[in-house]
Amino acid sequence: MTLESQPATPHTPMMQQYLRIKGEHPDALLFYRMGDFYELFYDDAEVAARVLGISLTQRGQSAGQPITMAGVPAVSAEAYLAKLLEAGLTVAICEQVGDPATSKGPVERRVVRVATPGTLSEEGLIPERASAWLAAISPCGSGLVLLDVSTGELRWQAPTTPSELADALGRTQPAEVLVPEGFEALPLAEIPTPRRLSAWQFDGREGVDRLMQRLCVSRLEAFEIAQHAPSMAALGALLAYAERSLGRPLTHLQAPQGSRRAQHLVLDAVAVRTLEIVQPLLPGSGGQSLFDSLDRSLTAPGGRLLRSWMLAPLLCNRALAARVSAQQALGQGPESPLAQVRQQLRGLGDLSRLLGRLALGQARPRDLLAMARSLGVCGPLAETIGHGPNETLSRIAEALRSPGLAEAAQRIQATIADDPPMLLRDGGVIRAGLDADLDALRRLSQDTGEALLALEAEARAQSGIPNLRVGFNAVHGYYFEVTSSHLEKVPVHFTRRQTLKNAERFITPELKAFEDQALSARDRSIALEKQLFDALIEALLPHLGILQIAAEALAEVDALAALAELASLPQWVYAESSEEPRVDIVQGRHPAMALSMPDFTPNDALLHEARRLMVITGPNMGGKSTFMRQTALIVLLARMGCPVPAQRACIGPIDRIFTRLGAADDLAGGRSTFMVEMTEAAQILHQAGPASLVLMDEVGRGTSTQDGLALAQAIAIALCESRRSLSLFATHYFELTGLAHRLEAAVNLHSVAVEHGGSIRFLHQINEGAASRSFGLQVAKLAGLPDAVIRQAEQLAEDWAQRERSMGRASSPQLDLF
């Protein structure tokens with residue numbers, strides 16, 4: 001029976017409560033807390049059972065119908081929650097907030113938060129080294145705001161076209177995107193985890209009010225986002241949604257940081273995917289992305305910062321030089337502090353997210369200890385890096401020297417025990433000696449036996465009853481038992497509690513007071529621990545701002561040190577910069593492969609205004625695609641300030657990297673492989689400019705030879721002559737090698753292969769000049785095609801070659817184009 005078919009009454013009181021709360025959250029699964037379990041009922045139970053693979057049961061009745069239910073243990077709820085969110089579901093967490101001992105009806109319950117993919121901060125529910133962005137797009141599509149709930153980081157962009165918006169979403173890969181009803185700037189299929197909201201929720205005034213409240217300012221003129229109305233409208237919807245889901249204000253919200261195209265080398269979604277920058281092409285295949293291969297960071301925040309640098313390389317040579325200079329100050333010279341810095345960073349927790357959980361009321365005892373360890377490193381680390389002349393390191397050291405950091409660490413360490421339990425409710429969290437009342441309660445609950453013996457001895461002495469003894473049972477509690485032979489000695493302040501055959505049991509005011517204390521000592525000690533823990537949280541919250549600044553400083557020095565560590569590898573160097581767009585790489589290697597393949601074959605690459613188009617020919621498996629990818633990746637790394645695997649490199653300000661690599665269709669979108677290829681080529685031809693780097697691999701292969709060849713040549717000419725981009729153009733159309741004779745800025749390159757004894761060997765060298773042949777049949781033989789098929793193909797190839805020779809010209813229409 002579905003939830004909708006259930007009558008409002010006469011349900012049991014508990015089910016009435018459940019249905020009322022569920023009615024307030026109709027679009028979410030309701031995790032309804034009952035003791036040690038979260039229970040789900042009716043339709044929610046059926047959905048959860050199917051997604052989680054848990055048992056679906058029927059227990060009891062309400063309104064004359066059996067109750068369908070399923071449950072998960074509260075202690076392991078996060079794992080189940082992660083699966084539900086991964087399936088695209090929303091979960092409302094309903095906790096018991098009342099006291100079962102004093103409740104006359106069902107225990108009071110309320111939803112404390114609504115868990116959605118973009119509003120998570122719990123460890124284990126979000127990726128460690130990537131941000132789980134919650135995004136919002138303005139109704140017109142020209143405002144994009146992103147929030148990392150776990151850290152409070154707030155970013156915004158002002159895309160001017162739908163393609164810019166799609167690229168921004170492709171780079172950041174938000175966990176959840178808020179879009180207004182009727183949004184048409186992008187198809188919903190191109191938006192990751194879209195969440196539709198009413199258009200009225202995208203209110204710029206709401207954005208202004210909430211931002212001023214969270215940043216504790218009275219005006220927003222200092223923040224550039226305030227002058228961009230579409231972004232403020234998106235911000236209003238985003239902050240309201242996040243705070244409604246979390247059930248509390250975002251007190252850890254940081255000042256919004258804008259991102260402009262003029263500041264960064266732009267990577268569109270296609271380039272991020274095909275170059276495998278942060279994710280392998282086939283996730284779960286065991287392959288590694290560029291980030292996975294090069295990440296030498298020691299902390300999660302440092303890794304996330306490094307990842308963001310990789311996705312937003314720098315255009316400005318001055319900013320690039322500052323980043324490289326800081327790395328060199330860390331890693332070069334006889335007294336380099338790099339080893340000491342990395343030793344100090346080793347083992348630190350995720351301070352940025354620990355502070356987020358502190359602000360969101362989710363911090364646990366061990367979180368605070370991890371926070372104290374990170375804060376305790378700040379001072380010594382500042383001393384390590386802060387004495388040199390480097391401006392970047394001096395700025396970081398200054399942020400790490402704030403006196404409030406050491407004070408916060410000391411207060412935490414003075415309050416929290418060295419090895420606290422995971423949860424506050426388990427007791428033993430607060431350090432012994434901090435609070436006299438807590439210590440007394442602990443002694444009372446732990447030393448009950450000694451206290452009872454002392455009371456017994458005192459009562460014997462006062463009464464003169466030699467065999468008086470203390471006892472306890474579950475019905476009457478603590479008592480003094482006196483045999484019948486000594487009843488005349490019982491003092492007047494003894495109150496009879498129970499009569500036995502040969503004895504009487506009594507209670508005294510002192511024993512009653514002890515009973516009250518002993519039986520409630522543990523509960524009272526845990527309650528007092530919670531008070532002390534909450535007081536510590538309240539004492540730390542006013543310092544959240546300086547703690548976040550320190551967290552950012554730790555992340556930055558970790559990211560810089562990670563890059564400096566790469567510079568210590570053999571044949572990894574910092575690229576030089578030029579003022580004009582230029583790619584000059586000597587003996588370059590693929591950054592990921594160079595680390596795992598010591599014998600990787602290096603190659604040169606040279607592109608500049610007078611040498612704009614490289615037409616690359618040669619056999620499959622000869623290394624053409626790898627050469628193009630490594631060129632793009634070396635450019636990317638150089639512009640993010642990372643060392644590159646080369647003998648030498650000089651990279652100018654490249655504004656965009658475009659790629660048309662590989663073959664893939666779009667079945668969901670109804671597009672063939674060739675249509676996808678042409679669509680990507682069209683985007684490149686519309687957007688690439690003289691400072692852009694373009695990679696095109698085997699364009700035109702998805703249609704007839706004549707059409708494909710004509711398109712490939714026209715695209716290559718357009719890139720070189722009209723767009724004037726720096727382009728690498730790999731092709732199997734040998735006719736395109738004639739472009740080097742027609743176009744002044746075009747050159748031919750080829751991958752080298754040699755044939756010996758009927759077999760082929762790929763040298764993976766890229767040399768000047770055109771390839772002499774394709775070696776297609778030899779590659780097919782290596783692939784395992786049957787010998788009979790190979791022999792027939794050889795005969796057919798020879799027949800066609802003879803026919804062409806007899807006609808006196810090649811059968812291709814290409815010659816007419818030169």
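Me: Hi! How does F472 count: buried, exposed or partly exposed?
Reply: This is a predicted model, by the way. Residues under 20% relative accessible area are buried and those over 50% are exposed, with partly exposed in between. F472 comes out at 44% relative accessibility, so F472 counts as partly exposed.

Me: And what about Y478, buried or exposed?
Reply: Its relative accessible area is 9%. The cut-off for buried is under 20%, so Y478 is buried.

Me: How many aromatic pairs are there?
Reply: Rings of Phe, Tyr and Trp pair up if their centres lie within 6.5 Å. By this rule, the count is eight.

Me: Why is the pair of Y18 and Y32 edge-to-face?
Reply: The two ring centres are 5.5 Å apart, so let's look at the angle. Planes over 60 degrees apart count as edge-to-face. For Y18 and Y32, the planes sit at 85°.

Me: Where in the chain are those two, Y18 and Y32?
Reply: They link distant parts of the chain, 14 residues apart. Y18 belongs to helix 1 (residues 13–24), and Y32 to strand 1 (residues 29–34).

Me: Which residue lies over the face of W309?
Reply: A charge sits over a ring if CZ of Arg is within 6 Å of the ring centre and within 35 degrees of the ring normal. At 3.9 Å from the ring centre of W309, the residue over its face is R323.

Key: Residues numbered from 1 in each chain as written. Predicted model: local features only at pLDDT ≥ 70, side-chain atom pairs only at ≥ 80, totals over all residues. Heavy atoms only, no water. Phe/Tyr/Trp six-rings, centres within 6.5 Å; stacked < 30°, edge-to-face > 60°. Helix = DSSP H or I, 4+ residues; strand = E, 2+ residues; numbered from the N terminus. Buried < 20%, exposed > 50% of the residue type's maximum accessible area, 1.4 Å probe, protein only.
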